[in-house]
Structures are given as structure tokens and as C-alpha cells.
Amino acid sequence: MGVLSGFPDGFVVGVSTASYQIEGAVHEGGRGASIWDTFAHTPGKTLGGDTGDVACDHYHRFGEDVELMAALGVDAYRFSIAWPRIQPDGTGAPHPDGLGFYDRLVDALLARGIAPTPTLFHWDLPQALEDQGGWLSRETALRFGEYAGHVADRLGDRVSRWITLNEPIVHMAQGYAFGTHAPGRELMLGALPVAHHQLLGHGLAVQALGGAPEVMITNNCTPVQAASDDEADRVAAMVYDGFHNRLFNDPLFLGEYPEFLAPGLAEVVRDGDMATIRTDGGALGVNYYNPTRVAAAEGDLPFETRPIEGVPTTAFGWPVVPSGLHDLLVGLKDRYPNLPSVYITENGCSVEDRLDDQFRIDYLDGHLGAVRRAIADGVDVRGYFVWSLLDNFEWAEGYRQRFGLVRTDFDTLARTPRDSYRWLQAALRERG
Ligand code: FCB
């Protein structure tokens, strides 16, 4: 049976990228500085001091990248829009060159029958907004709603599937709690307002996008297992699940924060916010990479993660557990009977630098199988996007981690399809 057989008609297969990770051209088209420019240029923050200054130079080579996608045969392309290209200072009239760039990209995709699926925020906040508090400030949520409106005005006639924010948990935790990503704040639990303001921004963006057929937030979700049956480990796993998954999903589908986190958010939640955030209908984007094994700990946080033994690991060291994706999806449906349709907006793995990437083929094959089983078990999954089309700037890891179906040579910027690209191409052809 072909890897793409057995999916419902209309099931979307796509590839995914993000602006700062691929575009480069950071000083062109009137683009303002983002927090990632600042962070990557701060010594010691990224592996080898790598920055996104050039990245894959997609800003100049997007035509070639669209052709790669067309030849691959995907139905959709998830990319992100760099807020500092649209509003260099995070506020005010949109910059015509920034809008123009995404306008041309959208048209190029549509000309090749590929559905544009933009994400409005994939972590590259305008630095000017960070200087005023970033997502710690409620103002940023309001600005985000306005920005979404500008983009919708320009692209809304041709884009029908939108993603508001990417992985608010990762942006909050790594960016504001631990400081391992931009903006590099180390506030630990003091980062919690960032969760609420991102969710509020999502709700305001949904409003700004008006009647767009499909609008979703993309949450990074992980099924959490306790390291042992001990009471302390089981509690630690519940707390971890609360922070990572429920903090961002409960408000959407239950209209409230997990009970143990609500007091920490009371100061920033205002009347009406929860109604703005709560989603009826729409869709949910899910990024899945691996499950998480958790034990009790005595430190700043009451939990710590433990390795998952006995499974292969990616070049990043992430455990490969395809069944975790099935369990995650079924678990979401169990917890939220009103769960809308779901898109897997990212799934993939980093592999050592080679073209014969059977490891990635096995990874994708296993995870697509898990999605198929989840659909058979009643979860309304409408699509699956591979992370990533091409090797790119992997945040603090710089260019070392290679997630691409297509290899990028970071000296010449040449793109070379890998075996996994050919494999997916054959599967898409077979599907027809
Ligand atoms: C996700 C990010 C994406 C990419 C993958 C590997 O957390 O959304 O940009 O870095 O991890």
C-alpha cells in the first residue's frame, strides 16, 4: 500500500518553512530588525555564531523554491511572513515592498497549483516591539491584530488557510523563560504573561482575518509520559503536560486555563479575553516531533525531562516515536470533544549531512502511518506538512541541523533534492 493511500479525499500534503530560517536579505525591501537579528548577532547565542543574514537566500530565490515544490507535487506550502517586512517598527502603515514580496510568492504558488498557507508569526518579532516589552506586554497582542489585518487586506483574496502564531509554548519557554532563543530573556515563571498575550494575539488575528475559511494557531504538542509509576513522577508529568500542552489548548477549546496555572495569569487576563481566545470551529495546527518523558525534580521547576530509551534518535538526539503522534491526536480528541479539524503543520527530522536519507524516509513513513491510524480512530486530520522543504537556519543550532527534503549548500546556496524528496514525489505521483 502506498504511503499516501488510505487518506481521505482532499487530504493536504505540504512542506513547511519559516521566514527567518530561509529568507536572508535582512536589510532589503525596507525590512526592520527582528529579535532574531539581534539575538543571532549577540556573541555566544547561536552555534558557531551563525545568523539568518543570508540563510537560504529564499528572498531572491523563491522562484526556484516554488519550482522545487511544484516538481515535488505538494498541495500546499506553509511559510511565514516576517512581521518586520510588513511593519519595520511593528506598527503603522504597511511597507509596500514587504507586502509586495509575499504577494509575488502567493501568486507564484497559485500559478503552480500550490495552496499558500502563511503563518503570521514564526518568532521574528520586530525589535522595536521587543524594546517595549515584547510579548510580556499586552500592547504586542493588539499590534499583532492590526498587523494581521494589513496582511489579510493584501492577501486575503487569494489565501484561504492561515496560521496565526507558531508554537507559543516554545517562544515563551525558550525565548522568555530560559533565554535560549530570542529575545533571550531568563524570567522562568515570570514568562507566563507571554502565553496569554500570544493567545490573545491569536484571537485578535482571527477577528482581523474575518471570514477566512480556515484560521488556526499552531501548537507544539507532546504526549507526556511519567518516568515511573511513583506518585511524584506522575504529578511531575501532569505539571509538564499542563505547561506544554494544556496551557495553550485548554483556552482554545475549554475557554479557561489549567487550574494550577490560572492564579499566575490572573494579573494579565482581562474581562472578555477568554472569549476572544476561545475558538468555535476553525482548525488546530499541531507540530509534533517526539513524546516527552518526565520525572520529578527539586529545582526552579518541579520536573525534569529524561531520555526515552530503546528507540532511534535523530541527528538532534530527538527520540523517534511515530506512535506518539497517533496517541497525541487521539488524546486531543478525548480531552476536547469540540476539537476542530487538525493539520499537522510540522513533522520531520534532522539527519546527518547526506543525500541518501533513508532515516528520514522511515521517519516520515512511520508518522504518516500514525496520522492515518488517528483518522481511522475518528480524529479529523485534514493535512500534513513536512518540516522542512530545505535545510535552513535551525535557530540556536545554526546551520548544523539539517531538516530538508532538499539539501542546501550554505556556501553556494545550491539546492539538491535528497532521496526523501524523490520518495515523497513518487508517493504524490502514485496518489495522483
Ligand atoms: C520547531 C520550529 C521550527 C523548526 C523545527 C525543527 O519547533 O517551529 O521552526 O525549527 O522545530
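Which residue of β8 is the bridge partner of Val 224? The partner is Thr 292, and the points below place this pair in its setting.

1. Basis of the model. This is a predicted model, in which local features need pLDDT of at least 70 and side-chain atom pairs count only at pLDDT 80 or more, while totals for chains, interfaces and linings use all residues. Residues are numbered from 1 along each chain as its sequence is written, and side-chain values use heavy atoms, with hydrogens and water left out.

2. The barrel. Eight strands form a closed barrel in the order β1-β2-β3-β4-β5-β7-β10-β11, with parallel pairing. Helices (H or I, at least four residues) and strands (E, at least two) are DSSP runs, numbered from the N terminus; two strands pair if DSSP finds at least two bridges between them. From one strand to the next the twist averages 25 degrees. Strands β10 (residues 341-346) and β11 (residues 381-387) run parallel and are joined by three bridges, and Val 342 has Val 381 as its bridge partner in β11.

3. Contact means heavy atoms within 4.5 Å; axes are lines fitted to C-alpha atoms, for helices over the stretch in contact, and angles run from 0 to 180 degrees between N-to-C directions. The axes of α8 (residues 168-177) and α9 (residues 192-208) come within 9 Å and cross at roughly 145 degrees. On the α8 side, Pro 168, His 171, Met 172 and Tyr 176 meet Leu 192, Val 194, Ala 195 and Gln 198 of α9.

4. The open sheet. Three strands in the order β6-β8-β9 make an open sheet with mixed pairing. Because β6 (224-226) and β9 (303-306) stand at the edges with a single partner strand each, one side of each is left without a neighbour in the sheet. Neighbouring strands here are turned by 40 degrees against each other on average, direction ignored. β6 runs parallel to β8 (residues 292-296), with three bridges between them, whereas β8 and β9 run antiparallel and share four bridges. Ala 295 is paired with Glu 304 in β9, and six residues separate β8 from β9 in their hairpin. Helix α10 (residues 231-253) lies across β6, β8 and β9, at about 125 degrees to β8.

5. The ligand site. Residues around the ligand (a heavy atom within 4 Å) include His 122, Asn 166, Glu 167, Glu 346, Trp 387 and Trp 395. Polar contacts are pairs of N or O atoms within 3.5 Å. A polar side-chain atom of His 122 lies 2.8 Å from a ligand oxygen atom; for an N or O atom in the side chain of Asn 166, the distance to an oxygen atom of the ligand is 2.9 Å, and for one in the side chain of Trp 395 it is 2.9 Å. The protein covers 95% of the 300 Å² of accessible area that the ligand has on its own (Shrake-Rupley method, 1.4 Å probe).

6. Backbone points to inspect. A cis peptide bond joins Trp 387 and Ser 388, with omega about 15 degrees; Ser 388 lies in the loop between β11 and β12 (406-408). Another cis peptide bond joins Ala 182 and Pro 183, with omega about 5 degrees, and Pro 183 lies in the loop between α8 and α9. Ala 55, although not a glycine, has a positive phi of about 50 degrees, and its place is in the loop between α2 (35-40) and α3 (58-72).

Conventions: A polar contact is a pair of N or O atoms within 3.5 Å; within protein, one must be able to donate a hydrogen and the other to accept it, and residues adjacent in sequence count only if both atoms are side-chain atoms.
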